[in-house]
Amino acid sequence: MRTKYPHERLWTVAALSILLAGCQQADQVLPFELSGDEGATITIGQNGGTVTVPPTISLEFPAGSLSGSTAVTVVPRISGPFPNDAGTAVPGTAFDIGPVGTTLINPAEVEIAVDPALLDASDAVRLSVAVQREDGSVATFDATYDVTNGVLVAELDELGPIAAVITLDAIPLGVEAPPSLGGGSVPSPAPPVAGGPQPAQFGGIDFVAACAPEGRQCFSSGLIRLWADEVVQRRMGEDLWFLNPTVSASLEFLSFDQFGIPNQVFGSVSVDGNVRAKFNSAVSSYEMEDGASTGPGANPQPTGLTITGNLMTMDQTTTSSGNVEFNETFEFGITGIGTTEMMTIEVEAEIEFDNEDGSVEIGIIIAHVRLRVPQS
């Protein structure tokens with residue numbers, strides 16, 4: 001939902017920090033001085049501790065991560081290949097960690113040795129750590145990676161089989177200008193039919209979109225596309241990816257006038273994920289986690305809407321940080337998809353880059369979020 005006023009945005013990603021503390025590890029030595037591949041079992045108490053299997057993996061538990069003394073086992077995976085739900089596992093990086101299903105009160109830090117020779121340049125940027133949950137699902141965790149010494153670092157919230165994976169649901173950021181959206185007419189809601197689909201909450205027409213890392217759908221479905229402006233490219237490079245995306249959007253258009261144009265809207269849009277890039281020898285992330293809803297307050301409320309050409313202006317929106325914005329204007333486009341319609345809305349997110357002189361340079365990431373009218 002791209003605003004046409006630089007000082008008024010639906011999304012504000014404020015003071016995003018480059019997470020270099022955990023990833024600039026050119027001088028770091030892996031805590032693996034021995035050799036062996038038989039695995040290890042160490043009892044970890046409330047004071048924390050470290051389990052290592054040289055020369056590939058180290059798992060550090062901070063104090064308070066476990067509720068009581070627990071025998072933690074880390075062994076190279078021998079029960080079959082790691083599931084490919086989240087992406088392609090890097091050879092030699094799959095381990096079984098137990099007790100499987102143990103939820104950690106405080107996250108544990110895992111370091112995995114990943115040979116850079118096994119990776120293409122874009123593979124390094126898309127590296128994550130995947131964990132197979134007790135229910136069989138696979139979750140991915142954002143990670144930092146040092147290309148010089150081959151150290152992949154992430155935090156885990158649950159014990160189970162893990163592997164370094166080249167993430168499947170990763171979306172490349174375009175470096176060209178995004179296409180203009182063409183506007184269009186919002187279709188009026190169809191009269192309710194007995195036994196047919198139920199109308200939206202206020203009797204209008206609803207456009208929705210949803211995907212999450214667990215479903216691996218954001219990339220394959222095309223629900224979201226992203227572009228980086230010149231500032232972001234100059235400061236972060238052109239090999240940019242959006243990892244672990246979550247999209248949730250619902251916009252209901254209602255109160256249609258005599259010309260079939262809606263003058264109210266109700267709903268919310270949010271997009272979360274990690275913008276990944278390579279800084280010198282280190283691959284690191286910016287976390288993007290923001291969104292907004294219509295009307296004032298934390299819960300969406302209907303608000304006035306004005307549509308002119310390919311622009312829609314909402315009278316009031318509330319950001320996820322609680323700021324109320326007035327007269328937010330967003331570019332949009334509507335196209336027919338099969339027997340239904342698809343709406344694309346342009347959204348802007350800010351990244352602040354700190355300069356050595358104390359000044360701040362603003363970069364913009366533009367997202368096109370695609371919402372569809374649900375089928376009956």
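This report describes the overall build of a predicted model and then some of its individual residues.

## Basis of the description

The model is predicted, so local features are described only where pLDDT is at least 70 and side-chain atom pairs only at pLDDT 80 or more, whereas totals for chains, interfaces and linings use all residues. Residues are numbered from 1 along each chain as its sequence is written, and side-chain values use heavy atoms, with hydrogens and water left out.

## The chain as a whole

The chain contains three helices and 23 strands, where helices (H or I, at least four residues) and strands (E, at least two) are DSSP runs numbered from the N terminus. Of its 376 residues, 50% count as buried; here buried means under 20% relative accessible area, exposed means over 50%, and partly exposed lies in between, with a 1.4 Å probe and protein chains only.

Among contacts (heavy atoms within 4.5 Å) between residues at least 6 apart in sequence, 68% join residues at least 24 apart.

## Two nonpolar cores

A nonpolar core is a set of buried Ala, Val, Leu, Ile, Met, Phe, Trp, Tyr and Cys residues joined through side-chain atoms within 4.5 Å. The largest one has 46 residues, and within this core Leu226, Met236, Phe253 and Met343 touch the most other members. Apart from it lies another core, of 35 residues, which includes Val53, Val74, Leu127 and Ala154.

Leaving out residues up to four places away in sequence, Met343 touches Val186, Phe207, Phe253, Met312, Phe332, Gly333, Ile334, Val369, Arg370 and Leu371.

Tyr145 belongs to strand β10 (residues 143-146) and is buried, with a relative accessible area of 1%. When residues up to four places away are not counted, the residues that Tyr145 touches include Val114, Asp115, Leu127, Val151 and Val283. A polar atom of the Tyr145 side chain lies 2.7 Å from the backbone oxygen of Val114, and the C-alpha atom of Tyr145 is separated by 9.5 Å from that of Glu111, which is 34 residues away along the chain.

Arg77, by comparison, is placed in the loop between β4 (70-76) and β5 (87-89). The side chain of Arg77 makes a polar contact with the side chain of Asp96 at 2.6 Å; a polar contact is a pair of N or O atoms within 3.5 Å, and within protein one must be able to donate a hydrogen and the other to accept it, while residues adjacent in sequence count only if both atoms are side-chain atoms. Beyond its neighbours within four places in sequence, Arg77 is in contact with residues including Phe82, Ala94, Gln132 and Pro161.

## Aromatic rings

The structure holds three aromatic pairs, and rings of Phe, Tyr and Trp (its six-membered ring) pair if their centres lie within 6.5 Å, with planes under 30 degrees apart counted as stacked, over 60 as edge-to-face and the rest as tilted. One of these is the edge-to-face pair of Phe202 and Phe266, with 4.9 Å from centre to centre and 75 degrees between the planes. Phe202 lies in the loop between β13 (170-174) and β14 (205-211) and Phe266 in strand β17 (residues 262-279), so this pair ties together parts that are 64 residues apart in sequence. Phe202 is partly exposed at 38% relative accessible area, whereas Phe266 counts as buried at 13%.

Tyr286 and Phe353 also form an edge-to-face pair, at 5.7 Å centre to centre and with 85 degrees between the planes. This pair links strand β18 (residues 282-294), which holds Tyr286, with strand β22 (residues 340-354), which holds Phe353, and the two residues are 67 residues apart. Tyr286 is buried at 2% relative accessibility, and Phe353 is buried at 3%.

Most residues other than glycine have a negative phi, and most peptide bonds are trans. A cis peptide bond, however, joins Pro54 and Pro55, with omega about 0 degrees, and Pro55 is in the loop between β2 (49-53) and β3 (57-61). The bond from Gly98 to Pro99 is also cis, with omega near 10 degrees.

Asn244, although not a glycine, has a positive phi of about 50 degrees; Asn244 is found in strand β16 (residues 241-256) and is buried, with a relative accessible area of 11%. Asn327 has a positive phi of about 55 degrees and lies in strand β21 (residues 324-337), where Asn327 counts as partly exposed at 44% relative accessibility.
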